[in-house]
Amino acid sequence: MFELIPYLAVTAAVAGLLLAAYFAKVVNAADPGNELMQEIALAIREGAMAFLRREYRAIAIFVIVLSVVVFAVLPNLRPWGSIGVIMGALFSAVAGFIGMRIATAANVRTAEAARQGAGKALPLAYRGGAVMGFSVAGLGLLGISLAYLLFVQILRVDDAFQVVATFGLGGSSIALFARIGGGIYTKAADVGADLVGKVEAGIPEDDPRNPATIADNVGDNVGDVAGMGADLFESYAGSIVAPMVLAALLFGGIDPVTTVVSDSFTSLQESAFLYPLLVGAIGMFASILGAFLVRGRKGKSLSAQLHFGTNVAMVITAIAAVGGAMWLFGDVAEIEAPFWLGMPIVLGLAAGYLIGFASEYYTSDHYQPVKKLAQQAETGPATVIIAGIAEGMISTAASVVLIAGAIGGSFWFGTLAMPGDTLNAGLYAAALAAIGMLATTGAVVAVDAYGPISDNAGGIAEMSHLPPEVREVTDSLDSLGNTTAAVAKGFAIGSAALTALALFRSFTAAVAPEGQTALLIDVTEVDVIIGLFLGAMLTFAFAALTMKSVGRAAQDMILEVRRQFKEIPGLREGKAGVKAEHAKCVDISTAAALREMILPGSLAVVVPLAVGFVSAEALGGLLAGALVSGFLLAIFMANAGGAWDNAKKYIEAGNHGGKGSEAHKAAVVGDTVGDPFKDTSGPAMNILIKVMTIVALVFAPVFIA
């Protein structure tokens, strides 16, 4: 029966894709509102899809070049490595395209549903997000399962698991550029719209008089739907690939390439290969069940309703994963207590949930950090910025403790399961924790993508002059969306640390000198010390480059918005028949994003290759330095940005003087600083550390030579 596990994973993936198709049908069947609403929604959709097509064309060139490099310098992977890169990129791109298409249909329908209250609008926005969620998880699990079946079981290619790793490399390439490009786009538009519209012109958010409004709403989709989807596609695929590659390198006895697979599948290595696919299938089925439990119920808080389905999926996955480990490893001679190999999944789920809660604590206006931040806005933007930076920094402590606990606890569970080889069993178990954290990716992304749909719905409601109570509903959904986005970022960043750790250990095994099980990364060696400093520096340089890109693009946007207010008579006053030139702002963001994403995106591939050719030890130090500093920067930036954003919304809700007050203006400045923190540099950081690690792993044979 064990040989059916890859097919079970394929079945689960197809089920997730069918659910995405069903939710897409439900969304498209909903009322799209009046003619003006549909006109605005069409402008947002056309802008988003046009950007995505241009972005994908640019990324396609990079993917083709990368596949050619793999073909040229890795003769042992020809031609399968290049095919794996293209497969990973293609599956990720398709997931982003589907999610974007439905998100830009769900926004206007959510705005119309908000006329009937949050009970109608919330499930519709959630289902729009669920299309993205289950497209990401379904295509990720399907791609990895097909790659395993094709390269390992059917073709039995040489270095099969290194070929499977190239699937993750392809997905990472799309994720890195989609995250950076989408983040630059959305924040350039957002900063321009806020500083000129809210602060200088004194007009409300999403006011149709603001020329950057359409670009801002387009940016919500390209950054927080397509970008986040590609991010979690890469995280999800990487979390499954990492323990499979690790098992191939650590657990000897059976060569997965040259040995005929036994019918019993009772070997340690084969069971270790199959367990990640089994957990992926379990998580998918549990997420499908959880998705049907999110409904607009009266008398329950929006937050409780939105998280209910995810929590149910997590509990089911935890129980079933432990049972699956006892079943799959029960007859493996080396495993004395298979129960303990299921516990890293439980620990990963718990750590992901708690990291998400920590992010919620520091970014939600239901808790003291954001309320205190809003209070400090009364004394001006300087104190808001100081306090926001401090909150972001202190928030890293909880996440580090949780990740350290997940790594240490999982390692210990591995040693209990396999006392005869505690080191390798512990490392494999630590890699499993990353799968646990992302096993319910379908449900997690659904809750995350719900946020930009709600944000867009509020913009459409404002621009189409719907009654104020409609905007109140969409604002309540949007405020919750900021928190769910922070929670999803916590999952993504936490899993990045665990996945990168597993890939890092795989790299050290792949480049191990003859007669050793791993390359020794000795922090007293000069090469390693230099690598550590370079890795830590690289994450700061990457953050700086992406933030400077946002700053340059935002400057162009600000100048354009000011020009239109100055040169178009009656625009600022809202004179009848006078319309802003929205298309010019969309073009500015699009051109800036495509231009500015090239340099920081290329660093993730070029730097590890350059260092690896000089010294494998230095590359090991580079990866370690980038992992630690990148994780901390990602948490700091995501939480600081989320706190600034919700402090602004807390004031806009009527606290500390409300909209238009001096405190509000100060909070808008803080939110503007936080925009590239939380939506560009921070989220891209977790992709950076994984891309560098998987590049090092795939190209390890060249570094050895």
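**Note on a helical chain**

1. Start with helix α4. Of its 37 residues, 30 are buried, so α4 is largely enclosed by the rest of the structure. Buried here means under 20% relative accessible area. Keep in mind that this is a predicted model.

2. Now the length of α4. The helix covers residues 118-154. From first C-alpha to last it reaches 51 Å, close to the 54 Å expected at 1.5 Å a residue. Where is the kink in α4 centred? Look at G129; the kink there is about 25 degrees. Just after α4 comes R156, with a positive phi of about 50 degrees.

3. Turn to helix α18, residues 616-652. Its 37 residues should span 54 Å at 1.5 Å a residue, and the end C-alpha atoms are 53 Å apart, so the two values agree. α18 is mostly covered, with 33 of its 37 residues buried.

4. Check both ends of α18. S615 caps the N-terminal end. A side-chain oxygen of S615 lies 3.3 Å from the backbone nitrogen of E617. After the helix comes G654, whose phi is positive, near 115 degrees.

5. Step back to the whole chain. It has 20 helices and zero strands. Its C-alpha trace spans about 80 × 55 × 45 Å along the principal axes. A compact globule of 705 residues would have a radius of gyration near 27 Å; the chain has 24 Å, which agrees.

6. Last, packing and surface. 65% of the 705 residues count as buried. Take contacts between residues at least 6 apart in sequence: 84% join residues at least 24 apart. The accessible surface is about 23200 Å², and 65% of that belongs to carbon and sulfur atoms.

Methods
Residues numbered from 1 in each chain as written. Predicted model: local features only at pLDDT ≥ 70, side-chain atom pairs only at ≥ 80, totals over all residues. Heavy atoms only, no water. Helix = DSSP H or I, 4+ residues; strand = E, 2+ residues; numbered from the N terminus. Expected span 1.5 Å × (residues − 1). Bend = angle between axes of the 7 residues up to and from the residue. Buried < 20%, exposed > 50% of the residue type's maximum accessible area, 1.4 Å probe, protein only. Polar contact = N/O pair within 3.5 Å; in protein donor to acceptor, adjacent residues only side chain to side chain. Rg over C-alpha atoms; globule rule 2.2 N^0.38 Å. Contact = heavy atoms within 4.5 Å. Areas by Shrake-Rupley, 256 points an atom, 1.4 Å probe, with all protein chains shown as cover.
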